[in-house]
Amino acid sequence: MDTTPAKDERDAGRLTPADDRSTFTLHINGTAQTLTLDHRTTVLDALREHLGLTGAKKGCDHGQCGACTVLVDGRRANSCLLLAVAQQGSRITTVEGLAEGDRLHPLQEAFLERDALQCGYCTPGQICSAVGMIAEAADGFPSHATPQEALADDGPVPLGPDEIRERMSGNLCRCGAYPRIVEAIEDVAP
């Protein structure tokens with residue numbers, strides 16, 4: 001007599017190939033993108049491998065280097081840490097989406113003018129982080145480096161070199177272009 005469990009008994013409690021994928025819509029750079037992906041796919045992998053947007057880079061894949069920084073609903077985020085399926089309906093902006101047609105974003109222009117890059121690997125993440133950081137400061141969000149007197153009023157936080165360095169500390173540059181990166185951000189920051 002055969003004592004092997006029936007197929008449905010063996011599969012009970014297991015995910016089938018159809019169960020580990022979902023169809024959802026992400027709004028990338030102003031365009032709705034409907035994807036069917038494995039639940040474990042990160043935003044970074046969805047951008048690079050499924051949509052061909054290679055600006056965000058895979059550096060550490062642990063949220064420690066900032067090379068994968070994108071904007072999610074206007075806030076900077078490490079795309080290697082975000083599951084794509086959890087971003088249903090979110091507005092995601094990559095470095096490719098910052099320019100308006102042929103006109104570069106002011107930070108992209110400033111990075112070029114200041115030569116704020118060397119190998120360029122971290123540059124897309126640096127630029128996206130800087131866009132988000134300027135918005136955070138404009139909204140009055142303090143950092144560890146924000147002087148006490150700036151905390152007293154609810155206005156924008158002034159962005160001097162120390163404030164910029166503190167706020168950009170999550171974005172690493174192995175080439176050491178930090179002085180030029182700070183200068184480029186100062187050129188654009190209000």
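Helices (DSSP runs of H or I, at least four residues) and strands (runs of E, at least two) are numbered from the N terminus. The views below come from a predicted model, where local features need pLDDT of at least 70, side-chain atom pairs count only at pLDDT 80 or more, and totals for chains, interfaces and linings use all residues. Residues are numbered from 1 along each chain as its sequence is written, and side-chain values use heavy atoms, with hydrogens and water left out.

**View 1. Helix α3 crosses helix α4.** The axes of α3 (residues 106–113) and α4 (residues 123–138) come within 10 Å and cross at roughly 130°. Here an axis is a line fitted to C-alpha atoms, for helices over the stretch in contact, and angles run from 0 to 180 degrees between N-to-C directions. The two helices, α3 and α4, are therefore oblique to each other; angles under 35 degrees would count as roughly parallel, over 145 as roughly antiparallel and 65 to 115 as roughly perpendicular, with the rest oblique. From α3, the contact draws on L107, Q108 and F111, and from α4 on T123, Q126, I127, A130, V131 and I134. Contact means heavy atoms within 4.5 Å.

**View 2. I185 and the largest nonpolar core.** A nonpolar core is a set of buried Ala, Val, Leu, Ile, Met, Phe, Trp, Tyr and Cys residues joined through side-chain atoms within 4.5 Å. Buried means under 20% relative accessible area, exposed over 50%, and partly exposed in between, using a 1.4 Å probe and protein chains only. Of the 26 residues in the largest core, L107, F111 and I185 touch the most other members. The elements giving two or more residues to this core are α3, α4 and α7 (178–188), and α4 gives the most, with seven. Leaving aside neighbours within four places in sequence, I185 is in contact with L107, F111, A130, M133, I134, I164 and M168.

**View 3. Helix α2 against the strands.** In α2 (residues 43–50), the buried residues are V43, L44, A46 and L47. Those buried residues pack against β1 (21–28), β2 (31–38), β3 (69–72) and β5 (91–93). After α2 comes G52, with a positive phi near 70°.

**View 4. G63 in its loop.** G63 sits in the loop between α2 and β3 and is partly exposed, at 23% relative accessible area. Which residues does G63 touch, not counting those up to four places away in sequence? They are N78, C80 and L81. H39 is 24 residues from G63 along the chain, and their C-alpha atoms are separated by 19 Å.

View 5. Not counting residues up to four places away in sequence, E136 touches R75, R76, F141 and R167.
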